[in-house]
Structures are given as structure tokens and as C-alpha cells.
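Here are some friendly notes to read alongside the structure. Please keep the view open as you go through the points.

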Amino acid sequence: MDLSERGTATGRHPWEIERFRAYRCILADHGALAARRVLDVGAGDGWFSQSLLADLPNAEHVVCWDINYNELELTTDDPRLVRTADAPTPGFDLVLVLDVLEHIPDPQQFIEHDLHPLTAPGTSALVAVPAHPRLFGDHDRALGHHRRYTAERLLDEVAPWIDVVDHGPLFPSLVAPRAASVALERLRARFGGDGNGESHGGHGVGEWHHGPAATRLVRGVLAADAGATRRFPRVSRRLTGLSHWVFGTTR
């Protein structure tokens with residue numbers, strides 16, 4: 001969860017849970033869960049990395065790096081989970097860059113000057129970004145996003161750093177609901193609404209207050225969606241999901 005999305009919910013959003021499961025499967029498919037030293041760039045509240053620890057039997061450290069951590073957020077209950085607001089020491093064999101590049105004004109410079117020095121050739125890397133530029137809306141503005149991505153743009157941006165092994169969309173089933181939401185935002189802006197993103201407050205993943213039945217239903221749909229895109233990769237790459245991901249090894 002992005003630190004800016006923390007809310008009053010006591011449970012995790014179904015999207016967060018199924019996103020985690022989907023990316024864990026991708027890492028498992030490519031043997032990346034054998035990593036000993038893991039870096040989670042822009043880790044937010046660290047839930048993803050903390051959850052992943054159970055599937056990292058050889059992990060010595062998982063370093064959550066987020067420049068927005070304050071001093072109170074640097075302490076963790078697990079000695080293998082480290083949080084830092086400062087650039088970490090190089091030497092990782094798995095790097096996660098999940099929903100980070102869209103926050104960076106110049107992502108190519110960030111990759112070249114900040115990420116590349118942290119990895120040796122052959123380091124596994126999983127990168128994901130929000131997809132479909134036409135879906136850019138109030139939610140993106142509220143989170144400080146500069147852009148949404150096409151698959152081609154993501155592949156071009158990571159090409160100087162990563163030799164891509166696999167890539168694909170995540171959650172194509174969510175494109176239509178998000179498109180409808182963005183269309184409604186634009187209609188409101190055109191006919192007198194503010195359209196400036198201030199309505200985001202109750203709609204982040206930290207504000208999921210639905211009951212167990214609704215949670216199970218949404219999780220079931222998203223799990224089926226993610227599973228289908230993994231089973232039929234050639235077909236799924238022709239689709240646009242709410243996110244797009246790339247897995248590869250660093251140069």
C-alpha cells in the first residue's frame with residue numbers, strides 16, 4: 001500500500017491481496033523466490049514484503065526502501081525486514097519495483113542513477129506500473145502519478161537495465177470499471193464538478209470497509225482474472241490490464 005493511501009480499514013483490499021498472489025506466482029515461476037537479499041523499492045507500508053517473507057526460505061534480509069518513511073516507521077517486528085528512507089547498500093539478488101516509476105518525473109534517470117548501481121548483472125527484477133494512459137484520472141492525480149503506461153513504454157524504459165524474460169497485463173477485468181469511473185469524472189468536470197482529484201479520500205485501498213462476502217466475491221473475480229492471464233500469455237499480452245508488469249534479469 002502506498003503510504004498516501006493508508007486509511008481506516010482493518011483488512012487489506014482484495015486488489016492488494018490478489019495483486020500480491022499474482023506477483024508471487026510470477027516470482028515463483030521464474031525461480032526468484034530463492035533470493036537471499038531482496039530490495040522492495042517504494043515499499044510503502046511494507047505489507048507486500050512482509051507477506052512475501054513466508055515464501056523466501058533463504059532470505060537474509062528484505063529491505064523496504066521508501067523515501068517517505070519517518071523515524072517511527074523504520075522499526076519492524078521481524079529482524080529480516082529492514083526499512084530505510086536512505087539509498088541502500090548494493091548487493092541484492094531480487095529487486096521489486098512495484099507501482100513506483102509512475103511517481104518519478106524522470107524514470108529513465110531514476111533507473112540509470114538510482115536503481116542500476118544497486119544491482120549486479122543477472123539480478124532478478126520485477127517491475128510493475130499502472131497501465132493504459134487513457135485511464136489516467138483523479139485517482140492517479142491524488143496519488144501523485146505522472147503517467148500511466150502502455151506495455152511498449154514500460155519495455156522501452158526498463159530496456160537499458162533489464163533483459164526482459166516475461167511480461168504481461170494484470171487484471172484486464174478492471175479496465176472497464178475504471179474506464180467508466182474516469183468517464184464519469186470527466187463528465188462531472190465538464191458540467192460543473194471539480195474534477196481535481198479531491199474525491200479520492202474515501203476510495204484508496206486503505207478504505208475497504210465491505211464485509212467478508214463482498215471481499216470473497218471480488219477476490220474470486222480477480223484471482224480468476226490473474227490466473228487466466230498467466231495460463232494464456234500469448235493472448236493476454238494483446239490485452240490491457242489495470243497494470244502491466246515485466247520480469248527479467250539486470251544487465
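1. Helices (H or I, at least four residues) and strands (E, at least two) are DSSP runs, numbered from the N terminus, and the expected span of a helix is 1.5 Å times one less than its number of residues. Helix α1 has 16 residues and reaches 22 Å from its first C-alpha to its last, close to the 22 Å expected at 1.5 Å a residue. After α1 comes G31, with a positive phi near 70°.

2. A word on the source: this is a predicted model, where local features need pLDDT of at least 70 and side-chain atom pairs count only at pLDDT 80 or more, while totals for chains, interfaces and linings use all residues. Residues are numbered from 1 along each chain as its sequence is written, and side-chain values use heavy atoms, with hydrogens and water left out.

3. How do α1 and α7 cross? The axes of α1 (residues 14-29) and α7 (residues 212-231) come within 9 Å and cross at roughly 25° (axes are lines fitted to C-alpha atoms, for helices over the stretch in contact, and angles run from 0 to 180 degrees between N-to-C directions). That makes α1 roughly parallel to α7, a label for angles under 35 degrees.

4. On the α1 side, the contact (heavy atoms within 4.5 Å) is made by residues including W15, I17, A22 and I26, and on the α7 side by residues including V218, L222 and A226.

5. Which residues of α1 are buried? Among them are W15, F20, Y23 and L27, where buried means under 20% relative accessible area, exposed over 50%, and partly exposed in between (1.4 Å probe, protein chains only). The cover over the buried residues of α1 includes α2 (47-52), β4 (92-98), β5 (119-130), β6 (162-170), α7 and β7 (243-250).

6. Now look at P90, in the loop between β3 (81-84) and β4. P90 is partly exposed, at 47% relative accessible area. Leaving aside residues up to four places away in sequence, P90 touches R37, P117 and L118. From P90 to L118 is 28 residues in sequence but 4.1 Å in space, C-alpha to C-alpha.

7. H132 is in the loop between β5 and α4 (138-142) and is partly exposed, with a relative accessible area of 23%. F171 lies in the loop between β6 and α6 (175-190), and at 0% relative accessibility F171 is buried.

How values were computed. Angles under 35 degrees count as roughly parallel, over 145 as roughly antiparallel, 65 to 115 as roughly perpendicular and the rest as oblique.
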